[in-house]
Each structure stands twice: as structure tokens, then as C-alpha cells.
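Trainee: I am new to this structure and would like to learn how to read it. Could you take me through a few features, one at a time?

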Amino acid sequence: MDILINLNWLAVLAAAVAGFATGAVWYGVFAKPWMAAAGLTDDDIEQEASTYIFAGVLQIVMAITMAIVIAQTGIASWLSGAILGFVIGIGLVTANKALNAAFQGTSRNLVIIDGLHAAVAFAFMGAILGGWQ
């Protein structure tokens, strides 16, 4: 429990905002190829506030988890945090997405777009959490 008390909660909040903003920019840039890879149209995309609130809550959960990992590994620089975040994004998140996609028949392009988003978002989160001690 001490680990949660000792977290830098402002850094956690900033990392969550950075993760959310990364998604907004990423999927703004890659909206068309992402929708094509997912087999979605504009009409299929939910634009309800509850979807964005849920996404914000999940960003906070990811930022807390990342902060705990960074604290436990002793990382104390933005670069080390960014590298760890990128590695987690590729090695855990993207690998898991690819594994699921292999059995679900999901498009490789979707895995690539979502996986690279995870790597970039976690790298930003890690940089903030690693550098803001």
C-alpha cells in the first residue's frame, strides 16, 4: 500500500492526460486506415461522452500501473521511462493484440495501428513518470 501513497499523483495525472492526448492525435491522423482495418464506418463510431469518460478512467489506470512499474524498477529519468514505456507497449500490449488477432482473424493493419499507438502512448507516459520524480 505504501507504493500507492508514495506515487507522484500529479505525474500520474499528467501521464494519463498525455496518454489520452496521444490517442486523440493518433486516431485523428490514422482514422481512415484504422476504420478500414477494423471494418468500421463513421456511423459505427460512438461519440458519446460515456465512451470518453471510460477511456479517461482507463488512462488513469494505465498511468497508475506504469507509475508503479517505474517506481519498482528505480527508473529516475525521462529517457529510461520512455524506453520502458515503449518496450511495454511493443512487448506486452502489441504482442497481446497480435496474439488475439491471430485467433480472431483481425487485420494486421489494425494490430499495427493499435500496437504502435500503445508503444508511443506508453513511451510518453513513461517519459513523464520517469522524469518527474
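Mentor: Gladly! Keep in mind that this is a predicted model. Let us begin with Gly28, which is found in helix α2.

Trainee: Is Gly28 buried or exposed?

Mentor: Gly28 counts as exposed, because its relative accessibility is 53% and the cut-off for exposed is over 50%.

Trainee: Now the helices. How do I read the way two of them pack?

Mentor: Two packed helices are described by the angle between their axes and the distance between the axes. Here, take α2 (residues 9-29) and α6 (residues 108-131): they pack at an angle of about 150°, and their axes are 9 Å apart.

Trainee: What does that angle tell me about the directions of α2 and α6?

Mentor: Angles over 145 degrees count as roughly antiparallel, so α2 and α6 are roughly antiparallel to each other. The crossing of α2 past α6 is right-handed.

Trainee: Which residues of α2 and α6 meet?

Mentor: On the α2 side they include Ala11, Ala15, Gly19, Trp26 and Tyr27. On the α6 side, Ile113, Asp114, His117, Phe124 and Met125 are among them. The residues of this contact divide into 16 nonpolar, four polar and one charged.

Trainee: I see aromatic names there. How do I read a pair of rings?

Mentor: A pair of aromatic rings is described by the distance of the centres and the angle of the planes. In this model the count comes to two aromatic pairs. One of them joins Trp26 and Phe30: the rings are 4.8 Å apart centre to centre, with 45° between the planes, and the pair is tilted. Trp26 counts as buried at 17% relative accessibility, while Phe30 is partly exposed at 30%.

Trainee: And how are Tyr27 and Trp34 arranged as a pair?

Mentor: Tyr27 and Trp34 are edge-to-face, with 5.6 Å centre to centre and 70° between the planes. Tyr27 counts as partly exposed at 25% relative accessibility, and Trp34 counts as partly exposed at 22%.

Trainee: Let us finish with Gln59. Where is Gln59 placed, and is Gln59 buried or exposed?

Mentor: Gln59 lies in helix α4 (residues 49-73). Its relative accessible area is 11%, and buried means under 20%, so Gln59 is buried.

Trainee: Which residues is Gln59 in contact with?

Mentor: Leaving aside neighbours within four places in sequence, Gln59 is in contact with Ala16, Gly19, Phe20 and Met125. You have already met Gly19 and Met125, where α2 meets α6.

How values were computed: Residues are numbered from 1 along each chain as its sequence is written. This is a predicted model: local features need pLDDT of at least 70, side-chain atom pairs count only at pLDDT 80 or more; totals for chains, interfaces and linings use all residues. Side-chain values use heavy atoms; hydrogens and water are left out. Axes are lines fitted to C-alpha atoms, for helices over the stretch in contact, and angles run from 0 to 180 degrees between N-to-C directions. Helices (H or I, at least four residues) and strands (E, at least two) are DSSP runs, numbered from the N terminus. Angles under 35 degrees count as roughly parallel, over 145 as roughly antiparallel, 65 to 115 as roughly perpendicular and the rest as oblique. A crossing is left-handed if the near helix is turned anticlockwise from the far one by less than a right angle, and right-handed if clockwise. Contact means heavy atoms within 4.5 Å. Ala, Val, Leu, Ile, Met, Phe, Trp, Tyr, Cys and Pro count as nonpolar, Asp, Glu, Lys and Arg as charged, and the others, Gly among them, as polar. Buried means under 20% relative accessible area, exposed over 50%, partly exposed in between (1.4 Å probe, protein chains only). Rings of Phe, Tyr and Trp (its six-membered ring) pair if their centres lie within 6.5 Å; planes under 30 degrees apart count as stacked, over 60 as edge-to-face and the rest as tilted.
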